[in-house]
Amino acid sequence: MIVKSFFSLKHFCFLAAALTGALAVAATGQQLPDGPGKSDLEMVCTPCHGTDQITLKGPRTPRQWEQVVAQMIAFGATGSNAQNAAVTSYLKTSFSRPPTPEETAEESGAKLPPKEPPAKLTLAQAHDLSGVWMTSSWYNFLNMGPRGKLPEREVPLHGVNDPSASVMSLLTPWAKELSDKYSMYTDPILSCHSPGPQAYAAPYAFEIIPSPGRLNMLMEYYHVVRRIYMDGRKHPAGNPNPTSIGYSIGHWEKETLVVDTRGFDESPPFHIPHSDQLHEIERIRRIRDGSVLEIELTMEDPKAYTQPLRQTYYFKKDPSLEIIEHNCDGQLDYSTHKPK
């Protein structure tokens, strides 16, 4: 079993930034060249990792730096839109290189990794999703255990119709206004707001337990309990009981579990907010040797996005992990640490 603190990665990084940010900068900021955005990078990034994470792999293309920042946001980096834009600009100015001809061709077409075939399992085996799973970022980026057969390249959040567009450009004016209210001091997760059905993307284990007529997802992160109903029921008419996690109905299409989730409430100011019109489709299947779970998430929300958004997650089946207690009691008022 891997022991983890009850604080989430976001909690830890926020406290490091708010309470010891100056020390973190002094300890890690010496390698960074001066320039606009440096202080934003030190505030948002260095509390969670040293500058070697920036310099170790050498310069990247401007497009690759955009993808790195987007990935860090997905992993829990708590910066405002203005700070993240400043960090991206600083990295592109200070650590960029021209793309190779191959990279230019790939980036111009926003080429996504090809979809993998399903695992070579019987249908009964393919339908067995039971067990404890952990996001691939735990192994690929946090280096917390052997990777096994995990894909090394993930598919970041992107537009379905235009994968080359930045996600922020795909927000409607309504969603952009809500997103601009987000900052590391107002992050809803830090005030114990439910992370919703994609709580499985956080670096905390979750367990799938089948029972008659449904699949149960027990997530360590915020102790989210999600039920996916498999008994043929329909979604309730209208949106009678909106929640952060929504109402999920699933069915099998050969080896793929298709989960249709509606019934959301309107989100607080997240980086990528959503309205109560959010509609999610997840396509869940086992790949490689069956020990890797792939979840392709598509989100439609005409009030928040100008086109559907999509992201693909990978998870490793890890019997060594156990679901442990995760507390969020809301007793810490993070806004009190905001600089005057």
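The questions and answers below walk through a predicted model of one chain. Residues are numbered from 1 along each chain as its sequence is written, and side-chain values use heavy atoms, with hydrogens and water left out. As the model is predicted, local features need pLDDT of at least 70 and side-chain atom pairs count only at pLDDT 80 or more, while totals for chains, interfaces and linings use all residues.

User: How many helices and strands does the secondary structure of the chain come to?
Analyst: Helices (H or I, at least four residues) and strands (E, at least two) are DSSP runs, numbered from the N terminus. Under that rule the chain comes to 9 helices and 10 strands.

User: What share of the 340 residues counts as buried?
Analyst: Buried means under 20% relative accessible area, exposed over 50%, and partly exposed in between (1.4 Å probe, protein chains only). Of the 340 residues, the buried share is 47%.

User: Of the contacts between residues at least 6 apart in sequence, what percentage join residues at least 24 apart?
Analyst: A contact means heavy atoms within 4.5 Å. Take the contacts between residues at least 6 apart in sequence; the part joining residues at least 24 apart is 65%.

User: What span does helix α5 reach from its first C-alpha to its last?
Analyst: Helix α5 covers residues 81–95, which is 15 residues. The expected span is 1.5 Å times one less than the number of residues. For α5 that expectation is 21 Å, and the helix is close to it, reaching 21 Å.

User: Where do the buried residues of α9 fall, seen down its axis?
Analyst: In helix α9 (residues 173–180), Ala 175, Leu 178 and Ser 179 are buried. They line one face of the helix, because they fall within an arc of 100 degrees. The arc is that of the directions from the helix axis to the C-beta atoms. So the buried residues of α9 sit on one face.

User: Which exposed residues does the face of α9 turned away from its buried side carry, and which helix is included in what covers the buried residues?
Analyst: The cover over the buried residues of α9 includes α5. Several residues of α5 are themselves buried, among them Val 87, Tyr 90 and Leu 91. The face of α9 turned away from its buried side carries Pro 173 and Glu 177.

User: Which residues does Leu 157 touch, not counting those up to four places away in sequence?
Analyst: Leu 157 is in strand β2. It counts as partly exposed, at 23% relative accessibility. Leu 157 and Val 167 are 10 residues apart in sequence and 7.2 Å apart, C-alpha to C-alpha. The residues touched by Leu 157 are Val 167, Ile 272, Met 299, Leu 309, Arg 310 and Gln 311.

User: Which residue meets Glu 66 in a salt bridge?
Analyst: A salt bridge is a side-chain nitrogen of Lys or Arg within 4 Å of a carboxyl oxygen of Asp or Glu. By this rule the count comes to 13. Both partners here lie in helix α4 (residues 62–75), 3 residues apart, about one turn of the helix. At 3.4 Å, N to O, the partner of Glu 66 is Arg 63.

User: How many residues apart are Lys 115 and Glu 296?
Analyst: Their closest N and O atoms are 3.2 Å apart, in a salt bridge. Lys 115 lies in the loop between α6 (101–108) and α7 (123–126), and Glu 296 in strand β9 (residues 292–300). Lys 115 is exposed at 56%, whereas Glu 296 is buried at 12%. The pair links distant parts of the chain, with a separation of 181 residues.

User: Are Arg 226 and Glu 282 buried or exposed?
Analyst: Their side chains meet in a salt bridge at 2.5 Å, N to O. Arg 226 is in strand β5 and Glu 282 in strand β8 (residues 279–287), 56 residues apart. Both residues are buried.

User: What value is phi of His 223 near?
Analyst: His 223 is found in the loop between β4 (214–219) and β5 (225–229). It is partly exposed, with a relative accessible area of 40%. Phi is positive in this residue other than glycine, near 50 degrees.
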